[in-house]
Amino acid sequence: MRTRSVSAPRLRHSSRSDLRSVLRMPSECCGIRERFVNKWFARHVEADHIGRVTGRSHLLIGGFAVLCAMRWHILSPEPLSVCTGLLGSLLPDIDTERSMLGSRLKFLSRFLAKTFGHRGLTHSGVMLLLAAAALNGLMGPESLRGPWGALLLGAGTHIAADLPTGGCQLFAPLSRSRLSLWPYVRTGGIGEIMLLVPILCLLGWAGFSGNGPVPGHVPPSAHHSRLRGHVLKDISFSS
Ligand SMILES: [Zn+2]
């Protein structure tokens, strides 16, 4: 009696045609077909889902944090700062090609993943502080209140949000040990949503319902511009 030997095709990155050929396999190859389909979904469907949900969560947290910082006069209210804040909230995940930003810059993300690993140097709080110090030294403290400061704040919220969702190398390059906070929440799961909702509620309450740092407080920059206006007005009246 002749037996038919069937083997599953090799799993490649872009394997839609492989999936189609496996699904056409005869019913006696049920085990092979099941294993292949599971692998295919793990690699293509679930990976994409995790990347998308995580990116969206980081954008929401980063965007809310930047608006909150503007409300509290930590950042100056500029539309560009909102854009850079959102970019910063995605920037640390450039070290994986499964992320929103990394999937668009695959060459760079593969290089970073190979050199530092995922959630390595790009997720370091030490590097963030060094970047803030460099900005302060090169462009002055006012630069930290503008779009550059918003970029760093966005990246900071990303790192903070990654701590309970698997952790990251917070003290890289000083230490390569991964720091993670309890409870251990899986990205892309119900745990992420349970973490995201209270954070957004808290940021939303602080940003939109609070009274700001001091009721009636005028930020120094606004005070100076108002003072300059008065001086110019007085000069024009006297002459
Ligand atoms: Zn991350």
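Helix α7 spans residues 190–209, and its end C-alpha atoms are 28 Å apart. The expected span is 1.5 Å times one less than the number of residues in the helix. Helices are DSSP runs of H or I with at least four residues, strands are E runs of at least two, and both are numbered from the N terminus. The structure is a predicted model, in which local features need pLDDT of at least 70, side-chain atom pairs count only at pLDDT 80 or more, and totals for chains, interfaces and linings use all residues. Residues are numbered from 1 along each chain as its sequence is written.

Helix α7 is hardly covered, with one buried residue among its 20. A residue is buried if 20 or more other C-beta atoms lie within 10 Å of its own, exposed if 12 or fewer, and partly exposed in between, with C-beta atoms placed from the backbone. C201 lies in α7. C201 is exposed because 11 other C-beta atoms lie within 10 Å. L202 is also found in α7. L202 is exposed, with 12 other C-beta atoms within 10 Å. The C-alpha atoms of C201 and F64 are separated by 9.6 Å, although these residues are 137 apart along the chain. For L202 and F64, the C-alpha separation is 9.7 Å across 138 residues of sequence.

The chain has eight helices and zero strands. Buried residues make up 26% of its 239 residues. Contacts were defined by C-beta atoms, placed from the backbone, that lie within 7 Å. Among contacts between residues at least 6 apart in sequence, 60% join residues at least 24 apart.

The largest nonpolar core has 23 residues. Such a core is a set of buried Ala, Val, Leu, Ile, Met, Phe, Trp, Tyr and Cys residues joined through C-beta atoms within 7 Å. A65 and V66 have the most contacts inside this core. The elements giving two or more residues to the core are α2 (30–71) and α6 (147–162). Helix α6 gives the most, with eight residues. Leaving aside neighbours within four places in sequence, A65 is in contact with L153, T157 and L203.

Helix α5 (residues 125–139) packs with α6 at an angle of about 170°, and their axes are 11 Å apart. Axes are lines fitted to C-alpha atoms, for helices over the stretch in contact, and angles run from 0 to 180 degrees between N-to-C directions. The angle makes α5 roughly antiparallel to α6, a label given to angles over 145 degrees. On the α5 side, G125, L128, A131, A132 and L135 meet W148, L152, A155, G156 and I159 of α6.

Most residues other than glycine have a negative phi, and most peptide bonds are trans. H73, in the loop between α2 and α3 (79–90), has a positive phi near 60°. H73 counts as partly exposed, with 18 C-beta neighbours inside 10 Å. R119, in the loop between α4 (106–116) and α5, has a positive phi of about 60°. R119 is buried, with 24 other C-beta atoms within 10 Å. The peptide bond from A172 to P173 is cis, with omega near 0°. P173 lies in the loop between α6 and α7.

The chain averages a pLDDT of 78, and 64% of the residues score at least 70. This score is the predictor's confidence in each residue, from 0 to 100. Over residues 45–51 the pLDDT is below 50, yet this stretch has ten contacts beyond near neighbours in sequence. Residues 228–234 are also below 50, with zero such contacts.

Note on methods:
Contact = placed C-beta atoms within 7 Å. Parallel < 35°, antiparallel > 145°, perpendicular 65-115°, else oblique.
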